[in-house]
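Hello,

Here is the structure I said I would pass on. My notes on it follow below the files.

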Amino acid sequence: MKIVKIMGGLGNQMFQYAFARALQEKFQCEVLLDTSFYTPEIEDGEFPRPFLLQNYNITLKTATPKDVKYCTLKGSLVPKPLRKYFREYIRENEDGARIYDENLLRQTKKNTFYEGYFQNAKYFAPLLGDLRKELTLKNALDSINMGILAQIKSCNAVSVHIRRGDYIALGCALCDMDYYKRAIGYINERVENPCYFLFSDDSAWLRENARELGGERFFIMDHNPQEKAHYDLELMRACKHNIIANSTFSLWGGALNENPQKIIIAPKGWGGGFDVKII
C-alpha cells in the first residue's frame with residue numbers, strides 16, 4: 001500500500017496529487033490520498049486552506065483512517081522501534097520542496113507513506129497530458145465566472161497573480177512591484193494588445209496599485225472567495241499567457257494552460273520544472 005499525504009493550498013494539493021499519480025504509473029499499484037490534514041480548524045482558520053482537489057476529476061481514491069493506520073502503524077500495538085520492519089515513511093527534505101529528488105520515487109517493499117510538497121514537474125512530466133485532463137472541474141463555473149471566461153477567451157488575456165495576504169502575515173518574501181513591471185513590459189513587447197486579468201488575495205492593495213503595474217487594459221479579479229479559489233485557477237489557465245507569483249497556485253494556472261504559444265513568466269526559483277521565462 002502506498003499513501004500520499006495531501007496538505008496545504010490548492011497548488012500544493014495539485015503537486016502532491018501529481019506525485020501520487022507518478023507513483024501509481026511507475027509501480028502499477030494502488031495509491032491513496034490522505035486528506036486528514038483538512039480539519040475544520042484548517043479549512044476555516046485565519047488563512048483557510050480548504051480541500052479543493054475534490055472539485056476535480058481526479059482518479060485516485062481517498063484513504064480511510066483505517067488505511068492510514070494500517071500503512072503507518074500509528075496507534076497500533078506494534079512497538080515504535082519495530083515499525084520500520086513493516087512500513088516505510090518517506091519524507092521530503094524540508095529545504096528541498098522545489099528540488100527534484102529521484103530517491104523519493106525509489107522502489108519499496110513495504111507499505112509506504114509519503115509526506116512532502118514535491119514541487120517539481122520532473123516527477124510527473126510524462127503524465128502532464130493526462131493530468132491536464134484529470135485536473136479539470138467536475139462542475140461548470142457559475143454564471144459570473146462563465147461571463148469572465150468568455151471575456152478572457154475573446155482577447156489576448158494574460159493572468160497576473162499577486163500574492164500578499166498570508167505571506168505578509170507569515171513574513172514570507174513577496175514579489176516586488178519591479179518584478180511585475182518587468183514581466184508586464186516583457187509581455188507588452190511580444191503580445192499584441194494584451195489584456196491583463198489581475199488576481200490577488202489583497203484586494204485593497206491591488207485596487208490602489210493596479211495602474212502602476214504597466215498594463216493599459218486590465219481587470220481586477222477579486223470576486224471569488226477562498227472556498228472558490230479553484231474558479232480563479234480555472235480563469236488563469238484559460239488565459240493565453242501567465243505571470244505568476246512565488247506561489248504554486250499560479251504556477252499551476254500556467255502549467256494547465258493549453259495554449260501552445262503561451263508565455264509563463266516566473267520569479268527566480270519558481271519554475272517548478274516547467275517551461276517558464278524567469279524575470
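I begin with one end of the sheet: strand 9 (residues 264-266) and strand 10 pair in the parallel sense, over two bridges. In this pairing, isoleucine 265 stands opposite lysine 277 of strand 10. Please keep in mind that this is a predicted model.

The two strands belong to an open sheet of six strands, in the order 7-6-5-8-9-10 and with parallel pairing. Strand 7 (218-221) and strand 10 (277-278) are at its edges; each has a single partner strand, so one side of each is left without a neighbour in the sheet.

Overall

The protein has 11 helices and 10 strands. Its radius of gyration is 20 Å, close to the 19 Å that the globule rule gives for 279 residues, so the protein is as compact as a globular protein of that length. Along the principal axes, the C-alpha atoms fill a box of roughly 65 × 35 × 35 Å. Of the 279 residues, 54% are buried. The accessible surface comes to about 13900 Å², and carbon and sulfur atoms account for 49% of that. Among contacts between residues at least 6 apart in sequence, 66% join residues at least 24 apart.

Covered helices

Eight of the eight residues of helix 11 (residues 248-255) are buried; Phe249, Leu251 and Trp252 are among them. The buried residues of helix 11 pack against helix 1 (10-27), helix 5 (128-134), helix 10, strand 5 (156-162), strand 8 (241-243) and strand 9. Helix 10 (residues 229-238) has nine of its 10 residues buried, so it is largely enclosed by the rest of the structure.

Aspartate 130 and threonine 72 are 58 residues apart in sequence and, C-alpha to C-alpha, 29 Å apart in space.

Salt bridges

The count comes to 12 salt bridges. Lysine 5 forms one with glutamate 115, where the closest N and O atoms are 3.9 Å apart. Lysine 5 lies in strand 1 (residues 2-5) and glutamate 115 in strand 4 (residues 111-115), so the pair ties together parts that are 110 residues apart in sequence. Glutamate 115 also meets arginine 91 in a salt bridge, at 3.9 Å from N to O. That pair links strand 3, with arginine 91, to strand 4, with glutamate 115, across 24 residues. Is glutamate 115 buried or exposed? Glutamate 115 has a relative accessible area of 16%, and since buried means under 20%, it is buried.

Another salt bridge joins aspartate 222 and arginine 207, with the closest N and O atoms 3.1 Å apart. Aspartate 222 is in the loop between strand 7 and helix 10, and arginine 207 is in helix 9 (residues 203-209), 15 residues apart. Aspartate 222 is partly exposed, with a relative accessible area of 30%, whereas arginine 207 is exposed, at 53%.

Surface patch

Leu82, Tyr85 and Phe86 form a nonpolar patch on the surface, and together they have about 350 Å² of accessible area. Phenylalanine 86 is found in the loop between helix 4 (80-83) and strand 3 (87-91).

Regards

Definitions and conventions:
Residues numbered from 1 in each chain as written. Predicted model: local features only at pLDDT ≥ 70, side-chain atom pairs only at ≥ 80, totals over all residues. Heavy atoms only, no water. Patch = residues over 30% accessible without salt bridge, like charges linked within 9 Å, V, L, I, M, F, W, Y side chains within 5 Å. Areas by Shrake-Rupley, 256 points an atom, 1.4 Å probe, with all protein chains shown as cover. Salt bridge = Lys/Arg side-chain N within 4 Å of Asp/Glu carboxyl O. Helix = DSSP H or I, 4+ residues; strand = E, 2+ residues; numbered from the N terminus. Rg over C-alpha atoms; globule rule 2.2 N^0.38 Å. Buried < 20%, exposed > 50% of the residue type's maximum accessible area, 1.4 Å probe, protein only. Contact = heavy atoms within 4.5 Å. Pairing = 2+ DSSP bridges.
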